[in-house]
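Hi,

Here is the structure we talked about. Please open it alongside this email; my notes follow below.

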Amino acid sequence: MKILIQQMITGISIGSVYALIASGYALVYSLLDFSNWAHGEVCMLGAYCCFMATMIPKMPFAVSCVLGIAGAALISLFNEKIAYRRIRNNGSPNMFLMIAAMGLSTTYQNLANVIWGSKFKQLPRFFKTSTLNINGIFVGTTDLLCIVISLIVLVLLLLIINRTRFGLHVRAVACAGSTARIMGIRIDQVIALVFVMAGALAGLAGITYGMKYNVYPTMGNVGLKAFIASVIGGLGSVPGAIVGAVLLGLIETVVSGYISSGLRDLISFSLLILILLIRPAGLFGVDVQEKA
Amino acid sequence: MINSFYEGVIVTCCVNIIAVLGMSVLTGFTRLFSFGNAGFMAIGAYTAAICSVQFHLPFALSIICGAVAAGIVAYLLGSLTIRLRGDYFLISCLGFGECVRVLFLYLRDITGGATGYTGIPFRTTWVVALVCAIAAFIIAWNLIHSRYGQAFSAIRENEVAAAANGIDVVKYKKMSFVFSAIFAGWAGGLYAHYLRHITPVLFNLPKSCELVITTVLGGLGSLTGSVLATLVVQLLPEFFRKFSEYRMLAYGIAVVLVILLRPAGLMGYKEFPDLFKKSGKKKSTGGA
C-alpha cells in the first residue's frame, strides 16, 4: 500500500510536468488548430537556457530559472513570428504549419546536439535533502516541488483564461478567429501572447523535468507525452489537458512499477490510438465534428 | 568491380528511394502525412530477416513476405484510423511507429531486443538494390498515372469534391496508405539483407521524420522530385563527411525554409522531364 502511494505521488509529479507542457499545446491548438510539434523542443531549450545561466558564477538558482523560462518564451515567440504567422498569412493549408513545426523541432534538437553535445547535464536542486519520510512513505522533495509549482501555475493560467479580459480575447479567437477580428480583437497580438505564455509554461516544465532527471537534447520527446495527454483530455481544452496529463503520469508510473518499464511507452501510445478511435474528442473535447 | 563504400552508398540511396517513393504517393499525392513509416520499414525488415534466417526462404520470397506483412498491418491500422482527420491520423501513425519499435525491443525471444537481430545473409548487392529502386519507381509512376492515381490527386486537391464525384475517399486513402507501407516494408527487407544486423533503433521516430522531410523537400506531388531529394539527402553527408554532424540540423532548417518560401518543394507538382517542356513552352507562348 505504501509503495502504491509512493508510486502515485511520483506519477502525479511527472503528470504535473506533462500538464505544464500539455496546457501550452492545448492553448495553441485551440487558437490555431494545429499540433505544435516544436513545443517539446521549446521545453528542452528552456532547460538548457537555465543550465547555461547556472554556469554564470554567483547566479542564484531562482534567477537562472527565471532566465530559462524567459528564454523558452522568447523561442516560442520566435517560432510564431518567423514561421507560423507567415504560413497562416500566405494561405497555405493548415498541414503546413505542422510540417514547419516538425522542421523546427528537428532543427532545435540537432542544434542542441551540436552546441551542447549529447551528454546529460545536471541542474542543481532546490533542497539539500532529497527525500522526506512521512510515516514510512518516502517522497522526493523535487517531486513535491514539481507538484506545488505546477499547481500554482496552472491555477493562475486557468484564472487568466477564465477571468481576465485577455483570457476573454483568447477564448473569442479560439471560438471564431475572423469574427473576433471583426469585433476589434487584434488576433495576431493575442496569438503572439499565447505563444509567449505557452513557451513560458514549457520552459518551466523543462526546468522541473531537468531537476527531476537530467537535461539532454532529446528530452523534447517529453512533448510527445504531453501531446498524448492533451489528446486524452481533448485537444484544445486546457482543463482537459491537465487532467489527461495527470492521468497519463499515473498510468505510466503504475505500468512501469507493476508491469514493466519497457512497456511503458507502448501502453501510452496504445492508449493514444485507443482514445482516438473510441472518443476522438477526448474526455473534455468540445466539437467532435470538427476534430474527428 | 565496385568497392564496398560505393556499394553502401548505392544500397542506402536505393533503399531510401523506395521508402520515400511510398511516402510520396501517400503524402505528395494523397496529402496524408504519416510519421510511422519507419515502423513499417521495421516490420518489413524483421519479417524478411526472420523468413530467411528461421525458415530459410529464398531471398526474393523473404522480401515479398516482409512487404506483404507491412501491407497487412497497414491495412488493419488503416481500417481503424484512416477516417480520422489529417493531424489525428498523423498522430496515430506516429504512435503506431513508436509502438512497433518498443514492441520489437520488448520481444527479445523473437527479435533479439536491443542487441538486434543478427545472422541475416548478405543478399542486397548494389545491382539488386538498383533494380529494386527502378522497379519501385516504375510501379509508383504507373500507379500515379492510372485511374487510382487520379483519384489520389483528386482527394489531395479537395476531398469533398472528390467524394461528390463518386470517388470512394476512404477506400482510396486506405489504398494509398497500404501502398506506402508495402514500399516501406520492401525497403526495410532490402536494408536488413544489406546490413545483416538490424536493431529497432534503426527505425525510430527520427527515421520517420527523415522520410517525411525528404518527401517535403522533393515536392509534394512529384515522384522524380522525391528521388532527387533522396539522392541529395543521402549523398551530401557521404561526400562531406565533416558536416555529417550538422546533417539533420541542415535538413530541419531546409524544411522550414521550403515551407516558408517554396511550399511546393524542390520540384512542385512538376516531374523532372516537365522542366524541359515548360521552358520550351514559355519561349513559344510568351509565358502564358
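In which loop of chain B is the place of B:Arg196? The loop between H9 and H10 of chain B holds B:Arg196. Before going on, please note that this is a predicted model.

**Two positive phi angles in chain B**

B:Arg196 is not a glycine, yet its phi is positive, about 70 degrees. The residue comes directly after H9(B). B:Arg196 has 15 other C-beta atoms within 10 Å, so it is partly exposed.

B:His56 is another case. Its phi is positive too, about 50 degrees, and B:His56 is not a glycine either. Look for B:His56 in the loop between helix H2 (37-54) and H3 of chain B. B:His56 has 9 C-beta neighbours inside 10 Å and therefore counts as exposed.

The largest nonpolar core has 193 residues. Within this core, A:Ala22, A:Ala100 and B:Ile18 touch the most other members. Helix H9 of chain B, residues 169-195, gives the most to this core: 16 residues.

Is H9(B) largely enclosed or largely open? It is largely enclosed by the rest of the structure, because 24 of its 27 residues are buried. The length of H9(B) also checks out. At 1.5 Å a residue, its 27 residues should span 39 Å. The end C-alpha atoms of H9(B) are 39 Å apart, which agrees.

A:Ala100 has partners in both chains. In chain A, A:Ala100 touches A:Ala83, A:Tyr84 and A:Ile87. In chain B, its partners are B:Val256 and B:Ile259. Residues up to four places away in sequence are not counted here.

**Where the chains meet**

How many residues does each chain bring to the contact? Chain B gives 34 residues and chain A gives 33 residues. On the chain B side, the elements that give two or more residues are helix H3 (59-81), helix H4 (86-106), helix H10 (205-218) and helix H12 (247-261). H4(B) has the largest share, with 13 residues. By type, the chain B side divides into 25 nonpolar, five polar and four charged residues.

One residue of H10 of chain B is worth a look: B:Leu217. It counts as buried, because it has 25 C-beta neighbours inside 10 Å. B:Thr230 is 13 residues away from B:Leu217 along the chain, and their C-alpha atoms are separated by 8.9 Å.

Start with H6(A), residues 165-175. Its buried residues include A:His169, A:Val170, A:Val173 and A:Ala174. Why do they count as being on the same side of H6(A)? Because they cover an arc of only 135 degrees around the axis. The face turned away from this buried side carries A:Arg165 and A:Cys175, which are exposed. Among the elements that cover the buried residues of H6(A) are helix H1 (2-32), helix H5 (141-163), helix H7 (177-182) and helix H8 (187-212) of chain A.

Now H5(A). At 1.5 Å a residue, its 23 residues should span 33 Å. The end C-alpha atoms of H5(A) are 32 Å apart, which agrees. The buried residues of H5(A) are A:Asp143, A:Cys146, A:Ile147, A:Ser150, A:Leu154, A:Leu157 and A:Ile161. Their cover includes H1, strand S2 (137-140), H6, H8 and helix H10 (238-258) of chain A.

**A:Asn79**

A:Asn79 lies in helix H3 of chain A, residues 61-89. Is A:Asn79 buried or exposed? It is buried, with 26 other C-beta atoms within 10 Å. Leaving aside neighbours within four places in sequence, A:Asn79 is in contact with A:Ala38, A:Tyr84, A:Leu104 and A:Phe195. A:Ser178 is 99 residues away from A:Asn79 along the chain, and their C-alpha atoms are separated by 22 Å.

**Confidence in chain A**

The average pLDDT of chain A is 87, and 97% of its residues score at least 70. Over residues 288-292 of chain A, the pLDDT is below 50. In the model, this stretch has twelve contacts beyond near neighbours in sequence. Where pLDDT is low, the predicted coordinates should not be read in detail.

Best wishes

Technical notes
Residues are numbered from 1 along each chain as its sequence is written. Chains are lettered from A and ligands numbered from 1 in the order in which they are written. This is a predicted model: local features need pLDDT of at least 70, side-chain atom pairs count only at pLDDT 80 or more; totals for chains, interfaces and linings use all residues. A nonpolar core is a set of buried Ala, Val, Leu, Ile, Met, Phe, Trp, Tyr and Cys residues joined through C-beta atoms within 7 Å. A residue is buried if 20 or more other C-beta atoms lie within 10 Å of its own, exposed if 12 or fewer, and partly exposed in between; C-beta atoms are placed from the backbone. Helices (H or I, at least four residues) and strands (E, at least two) are DSSP runs, numbered from the N terminus. Two residues are in contact if their C-beta atoms, placed from the backbone, lie within 7 Å. The expected span of a helix is 1.5 Å times one less than its number of residues. Ala, Val, Leu, Ile, Met, Phe, Trp, Tyr, Cys and Pro count as nonpolar, Asp, Glu, Lys and Arg as charged, and the others, Gly among them, as polar. The arc is that of the directions from the helix axis to the C-beta atoms. pLDDT is the predictor's confidence in each residue, from 0 to 100.
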